[in-house]
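Let us walk through this structure step by step. Keep the sequence and the 3D view at hand.

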Amino acid sequence: MLPLAAQSLITVPLTELRACPHCDALHRMPQVNMRERAVCERCGSVLIAPRADAFTRIFALAATSLILMTAAVFMPFLDLSASGLHNRASVLDAALAFSEGAMVPLSVAVAALIVVIPALRLLLIMYTLAPLVAGRPALARAAQAFRLADRLKPWSMAEIFVIGVAVALVKVAGLATVTPGPAFWAFCALVLVTVLQDSFMDKEQIWQAIGADVPSPDGSRP
Amino acid sequence: MTVSARDAGLVGCVRCGSVHRPDVALCSRCGAALSSRDPNGLQQVWAWWLAGLLVYIPANLYPMLLTRTLTQHSEATIVGGVAELFQHGDAGIALIVFGASIVIPVGKFIAIAFLAVSLEKRHLMNEQAQHRLFAVVEFVGRWSMIDVFVVAILASLVKFDAVATINPGIAAASFALSVAFTMQAAQSFDPRTIWDD
């Protein structure tokens, strides 16, 4: 990546410049081939790392995740038995565990963090990428949708929930036998698919594909 | 010597990285609001940090789990729960919970405060190290939520009416709030200011 001498800036059109979102270092966007990556020369953050067929792959993985998510929510999750007593809990039950009295907002928050926000992100990503996969121009609100998906990313906590399940299983292991149901395995698969999906996700590549509306050299909208 | 967008009199979008002239309000590529540096950014960081610290106090004083069996009734705080896991359970799992519910939250309060202070006092830490510390804080903060999920799963699973029940304690709610507030504090922090002179 070329560091820019301040005096040469005037000649470079704004569309070819990128500021590192993490440290604001100004770069001239290089030509990057598939499977190559360009990193910020100051802080080392990845600026662009395009992957071949990325949109098709991300779309397929997002669709897979959505199906797994549906299974995870509606199928039996864990089954607990101790000395003749039985209890089974679904993911929804776990979210509703705080639904007594003053803790209702926490129930809403837990449901949002483990189901609603992850599902919403998948839908937004599919909305953004579907036309691109089909070879058509992006939908009018694609930028808005993808920006929201990006903003919600830290609040999508399905993978943290899975680790939470593991911890809970150890905690009750002494008292009772826990049998994981299909939803448990669906949730585990969901985490793996999400990791895979993130590895194909290059924001710059997606922004370039959506952005018909790139800033023109004089900074005004076209 | 690296030139930042701000040095060049331009504004970079923190969402998508595209560069704009300083008089543009919304990023024309992704639609995010543009600001070269938010003058109130640091104040917001401190506000969320303080809110997070305040709710972290009841999270540790009140019980996280209320366990009722035929013969006994017990309450466990965050620290108590970890101690119990060390005694009866798996040491590895105990370490995960210890890390997620004690080391990460406390470390995060210290790290965010340290980053905010070191913006004023540059000699404390070099920029590369600050940048790395912020990346760690941002990545690791959400994992503290594990403890809240553990409580949710246990409470929904162990429901044998008279024989044994586990109920969530009020600390679960304040702990969840504390995690959310400190995540907000980290997100309000503008890492670009680390590199400004």
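Start with helix 2 (78–88) of chain B. Its buried residues pack against helix 1, strand 3 (65–69), strand 4 (73–76), helix 3, helix 5 and helix 6 of chain B. This is a predicted model, where local features need pLDDT of at least 70, side-chain atom pairs count only at pLDDT 80 or more, and totals for chains, interfaces and linings use all residues. Residues are numbered from 1 along each chain as its sequence is written, while chains are lettered from A and ligands numbered from 1 in the order in which they are written.

Helices (H or I, at least four residues) and strands (E, at least two) are DSSP runs, numbered from the N terminus. A residue is buried if 20 or more other C-beta atoms lie within 10 Å of its own, exposed if 12 or fewer, and partly exposed in between, with C-beta atoms placed from the backbone. Contact puts two such C-beta atoms within 7 Å.

Which residues of helix 2 of chain B are buried? They are Ile78(B), Gly81(B), Val82(B) and Leu85(B). The face turned away carries the exposed Gln87(B) and His88(B).

Now take helix 3 (residues 91–118) of chain B. It bends by about 40 degrees at Gly99(B). Its buried residues include Ile93(B), Ala100(B) and Leu115(B). The partners of its buried residues include helix 5 (158–173) of chain A.

Finally, 55 residues of chain B are in contact with 60 residues of chain A. Helix 5 of chain B gives the most to that side of chain B, with ten residues.

Notes. The bend at a residue is the angle between axes fitted to the seven residues ending there and the seven starting there.
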